[in-house]
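The structure comes first, then the findings.

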Amino acid sequence: MLAFAIFAVTFVVVLIAAVIYFYPGSTKTSTIPGMDPTDPREGNFPDIGAAGSMHEFLANLHETYGTIASFWFGTKFTVSIASPELFKEHMGVFDRPPEVFALFKPLIGRSSIHYANKADGRRRRIMYDPPFTQANLRNFCGTFNELACELEKKLLGLPKDEHLPLMQYCHALVIKALTRIFFGDYFKDEGNILKFRHSFEICWSEMETSLTQGPAEDGSDRDKKFKEALGFMHDSIRAIMKKRKAKPVVGSTLFIDVLLENELPEEQVLDDCLSYMMGAFHTSGNLMAWTIYFLATHQDCQEKLHQEVTKVKGQVEQSQFDQLKYLHHVINESLRLSILTPYAARFQDSDTELGGHIIPAGTSVYHALGVVLEDPEIWPEPQKFDPGRFSVDNITQRQETGFQPFGFAGKRSCPGQHFAYAQITIFLAVLCRTLKFNLVEGQVVVPRYGLVTSPEEEIWVTVEKRK
Ligand code: HEM
């Protein structure tokens, strides 16, 4: 009898071990609910593809398994969190798993800040953050006003019914501001901006293509085009570095001067210039386009905004931002509803606890920022554009904690947050004083969720001069 009991116990133990060994879904040692891998090598990549994007995959995942859920990023066990309470628990974590930006390495380079963790990552943030602090923004407001007025003048001169490509206009405006503020006078020359922008767009589009079609083959047309465009941007930055090194500006707060002052290796300067450009360009440009689109489709909101911005006369200064409260709500609601940046991620080196579960050391934890932004329990009627949600009287503590379009964890949230708000505040305050935006009829605007959310196709608008 004893012999049989020993046999039975041994058999069960061996059976469990065999199941764990042969069936990858069972290798999970965590108590977190979630998906098994659909493929031993690809994990849940096929499901991410079928969902259409990482954001849509995470939305399905959390709908099925709750606010903390697991999946397989290839062969890597991965966790995702989607609630204000869980965000709060993960506030202190700094390090970012390299796989989040792995596909962008050909553009931003291996020395990019996006891959810098631990002491190196923290040191870089301390070094690079000063140009983008709220205190330093006043140095840029003049440029934002100048560029907004230039565009306003151009738009005022166009026929009322002309169809305008909104994304193109917004990207053109934003790249002018960014290149000038990152790199200085070199980009006062229109020709230099156009060539730089063209090269950046080629590289970005190659990155997007590689997401769906895989990386370009060495020597292929795609590869040659990409390398040529990247080479052009590197050469432009090198030329700027040379000029500014030859005539250093004492106390300059331009990003490039901060990098040069710290005497960093050239590779790091090039990679971080392009990393900041990648962080800033499509985010700011798309935010501006989404906001104008929402205003054009909600004329009551555009009217209310017009009433507010007309009270601010002349150049819009940082000290007047307090008078532009409704504009701030409009920007926040556009960030929320567009789900502009759907996710971020972190990892830790040791086993930790999150939401009552153990997270094994090295596990990537995704912050499903976008899933929380459209959670109906947090935002009633989440698909409705309603800037009033953000008024002091309406916003709840849970909503404030859950509203994290710039990330939130470990003093590593977006360094360009104040910059992005200042830029769009001035652009929209100037433009909405004299112009009314209308949507060209017959368009169906569909979002495409990527690292940054864009409309699937160009949005066409008309502008009307206000009386
Ligand atoms: C509407 C505009 C923007 C949005 C919604 C946005 C959003 C984000 C998010 C979600 C992250 C990831 C944060 C995390 O991992 O927790 C991020 C990182 C980053 N953003 Fe932004 N961003 C915007 C504009 C900008 C601008 C204007 C700049 C440049 C001045 C910028 C530069 C960066 C950089 C360099 C990082 C990586 C920082 C690091 O690794 O420490 N972003 N951004």
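## Ligand site

The ligand sits in the largest cavity of this predicted model. A cavity is a set of points, on a 1 Å grid over the protein atoms alone, where a 1.4 Å probe fits but cannot get out; lining residues have an atom within 4 Å of a point.

Elements giving two or more residues to the shell around the ligand are α12, β4 and α17. Helices (H or I, at least four residues) and strands (E, at least two) are DSSP runs, numbered from the N terminus. α12 supplies the largest share of the shell, 6 residues. The ligand is surrounded by 25 residues, and Arg 96, Arg 125, Arg 346, Arg 412 and Cys 414 are the closest. A residue counts as near if one of its heavy atoms lies within 4 Å of the molecule. The shell has 14 nonpolar, 7 polar and 4 charged residues. Ala, Val, Leu, Ile, Met, Phe, Trp, Tyr, Cys and Pro count as nonpolar, Asp, Glu, Lys and Arg as charged, and the others, Gly among them, as polar.

## Polar contacts

Polar contacts are pairs of N or O atoms within 3.5 Å. A polar side-chain atom of Arg 346 is 2.8 Å from a ligand oxygen atom. For Arg 125, a side-chain N or O atom lies 2.9 Å from an oxygen atom of the ligand. Gly 279 uses its backbone: a polar atom there is 3.1 Å from a ligand nitrogen atom.

## Largest cavity

The whole structure holds 2 cavities of 30 Å³ or more. The largest has a volume of about 810 Å³. Volume is the space filled by probe spheres set on the points, with grid points joined across faces, edges and corners.

Its lining has 37 residues; His 114, Gly 279, Thr 283, Cys 414 and Pro 415 lie nearest the centre. Two or more lining residues come from each of α12 (266–297), β4 (344–346) and α17 (417–434). α12 gives the largest share, 8 residues. The lining splits into 24 nonpolar, 9 polar and 4 charged residues.

## Second cavity

The second largest cavity holds about 90 Å³. It is lined by 13 residues, with Leu 151, Leu 155, Leu 166, Tyr 169 and Phe 437 nearest its centre. Elements giving two or more residues are α7 (138–156), α8 (166–183), α12 and β11 (460–465).

α8 gives the most, 4 residues. By class, the lining has 13 nonpolar, no polar and no charged residues.

## Basis

Residues are numbered from 1 along each chain as its sequence is written, and side-chain values use heavy atoms, leaving out hydrogens and water. In this predicted model, local features need pLDDT of at least 70 and side-chain atom pairs count only at pLDDT 80 or more, while totals for chains, interfaces and linings use all residues.

Notes: On a 1 Å grid over the protein atoms alone, a cavity is a set of points where a 1.4 Å probe fits but cannot get out, and a pocket is an open set with protein on both sides within 12 Å along at least five of seven lines; lining residues have an atom within 4 Å of a point. A polar contact is a pair of N or O atoms within 3.5 Å; within protein, one must be able to donate a hydrogen and the other to accept it, and residues adjacent in sequence count only if both atoms are side-chain atoms. A molecule sits in a cavity or pocket if more than half of its atoms lie within 2 Å of its grid points.
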